[in-house]
Amino acid sequence: MVLWIWVVISSDGAVMWCSDGASIFFSRPLNSNFQFFGQFKVMDVTGEAEMPVIDYWTGYVYKANPFNLYLMPAFIGMKYHPFVGRIANNFSPFAMVAAGPVIIMDVPEMGKFSYKMQNIETTYNGGFVIGAGIDFMMQPGRVVSLFMGYDHIRIGDVVDGRKHYGGTIFKFMIGRKFK
């Protein structure tokens with residue numbers, strides 16, 4: 001299990017903060033330089049105009065211009081570590097390419113909870129990620145990873161006014177390896 005924080009900058013320059021999410025990943029070494037990699041992640045996309053507002057009279061925090069969109073990519077691919085055995089210490093630069101299906105859940109922004117749950121629009125499409133990063137290995141079996149790349153998630157139909165929710169992605173991941 002990996003917890004992560006990232007910023008996505010879409011192709012039209014708009015910044016979307018994906019402030020929370022969770023990811024589960026696995027990797028299997030194929031040889032000393034290549035790893036088979038898989039990842040399932042859940043991303044809560046925050047809209048460009050959405051912001052928290054505090055009602056100082058009641059202390060209640062609510063969203064102005066709410067935007068409820070969840071992206072759930074399940075990617076598999078390859079990680080290539082070109083400098084294995086050539087760099088001392090506990091870090092390993094890598095390049096990664098992964099692709100797979102994406103589940104898009106568009107939840108209505110207004111209404112009661114029961115209304116929202118009954119009216120979720122679900123779309124399925126594909127996507128990919130390509131980029132580079134650094135894995136920092138720590139004891140016992142802990143991993144810290146920095147990654148920068150391009151996340152391409154094409155929606156197909158227009159969802160909340162856009163057909164494309166990909167862009168440049170920066171990820172900071174903290175995890176633990178299980179044997």
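Reader: Which residues does Asp135 touch, not counting residues up to four places away in sequence?

Author: In this predicted model, Asp135 touches Lys79, His81, Asn90, Phe91, Ser92, Phe94, Val143, Val144 and Ser145, with residues up to four places away in sequence left out, and a contact here means heavy atoms within 4.5 Å. Because the model is predicted, local features need pLDDT of at least 70 and side-chain atom pairs count only at pLDDT 80 or more, while totals for chains, interfaces and linings use all residues. Residues are numbered from 1 along each chain as its sequence is written, and side-chain values use heavy atoms, with hydrogens and water left out.

Reader: What makes Asp135 and Lys79 a salt bridge?

Author: The term requires a side-chain nitrogen of Lys or Arg within 4 Å of a carboxyl oxygen of Asp or Glu. The closest N and O atoms of Asp135 and Lys79 are 2.9 Å apart, and the pair is therefore called a salt bridge. Asp135 lies in strand β9 and Lys79 in strand β7, so the pair ties together parts that are 56 residues apart in sequence. Strands (E, at least two residues) and helices (H or I, at least four) are DSSP runs, numbered from the N terminus.

Reader: Why is Asp135 called buried?

Author: Buried means under 20% relative accessible area, exposed means over 50%, and partly exposed lies in between, with a 1.4 Å probe and protein chains only. Asp135 has a relative accessible area of 4%, and therefore counts as buried. Lys79 is buried as well.

Reader: How many salt bridges does the structure hold, and what is known about Asp151 and Lys41?

Author: The structure holds two salt bridges, and one of them joins the side chains of Asp151 and Lys41 at 3.8 Å, N to O. Asp151 lies in strand β10 (residues 142-159) and Lys41 in strand β4 (residues 34-45), so this pair ties together parts that are 110 residues apart in sequence. Both Asp151 and Lys41 are buried.

Reader: What makes Met78 partly exposed, and to which surface patch does Met78 belong?

Author: Met78, which is found in strand β7, has 32% relative accessibility and therefore counts as partly exposed. Together with Leu30, Phe34 and Tyr80, Met78 makes a nonpolar surface patch of about 350 Å². Patches are made of residues with over 30% relative accessible area and no salt bridge, where like charges are joined within 9 Å and nonpolar side chains (Val, Leu, Ile, Met, Phe, Trp, Tyr) within 5 Å. The accessible areas come from the Shrake-Rupley method with a 1.4 Å probe, and for residues only the protein chains shown count as cover.

Reader: How do you know that β7 and β8 pair?

Author: Two strands pair if DSSP finds at least two bridges between them. Strand β7 (residues 69-80) and strand β8 (residues 91-106) are joined by 10 bridges and run antiparallel, and they therefore meet the definition. Here Tyr80 stands opposite Ala95 in β8. On to the next pair, β8 and strand β9 (residues 121-138) are antiparallel over 16 bridges, with Val102 opposite Asn125 in β9.

Reader: Where does Asn33 lie, and which side chain does a polar contact join to Asn33?

Author: Asn33 lies in the loop between β3 (21-29) and β4, and a polar contact of 2.9 Å joins its side chain to that of Ser32. A polar contact is a pair of N or O atoms within 3.5 Å; within protein, one must be able to donate a hydrogen and the other to accept it, and residues adjacent in sequence count only if both atoms are side-chain atoms.
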